[in-house]
Amino acid sequence: MTTKLTQTKTNKRGIKYALGTDGNTFSVWKLCENYAAHRKGGMSFTWRYVEKNMTQDAAMVLFTRRGA
């Protein structure tokens, strides 16, 4: 099943986090930046999960704490 990112937030260090849902469970995602020689500019961006299969309340607490 595909995860839909519903909210994004950037913390004071400039790290971007997102709250996602697949309809039943919730998850928190982080935008990661990696070196990629084949890409123009040398950087590749991918969303990687921090934690998956959470309740909405637990996901909101983690999302708020990470995005502060």
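Modeller: The face of α1 turned away from its buried side carries the exposed residues Asp 57, Val 61 and Arg 65, where exposed means over 50% relative accessible area, buried under 20% and partly exposed in between, with a 1.4 Å probe and protein chains only. This is a predicted model, in which local features need pLDDT of at least 70 and side-chain atom pairs count only at pLDDT 80 or more, while totals for chains, interfaces and linings use all residues. Residues are numbered from 1 along each chain as its sequence is written, and side-chain values use heavy atoms, with hydrogens and water left out.

Biologist: How do you know that the buried residues of α1 line one face of the helix?

Modeller: In α1, residues 56-66, the buried ones are Ala 59, Leu 62 and Phe 63. Seen down the axis, they fall within an arc of 100°, so they line one face; the arc is that of the directions from the helix axis to the C-beta atoms.

Biologist: What makes up the largest nonpolar core?

Modeller: It has 9 residues in all, including Ile 15, Tyr 17 and Met 54, and α1 gives the largest share, 3 residues. Such a core is a set of buried Ala, Val, Leu, Ile, Met, Phe, Trp, Tyr and Cys residues joined through side-chain atoms within 4.5 Å.

Biologist: Why is Asn 53 called exposed?

Modeller: Its relative accessibility is 63%, so Asn 53 counts as exposed under the over 50% cut-off.

Methods
Helices (H or I, at least four residues) and strands (E, at least two) are DSSP runs, numbered from the N terminus.
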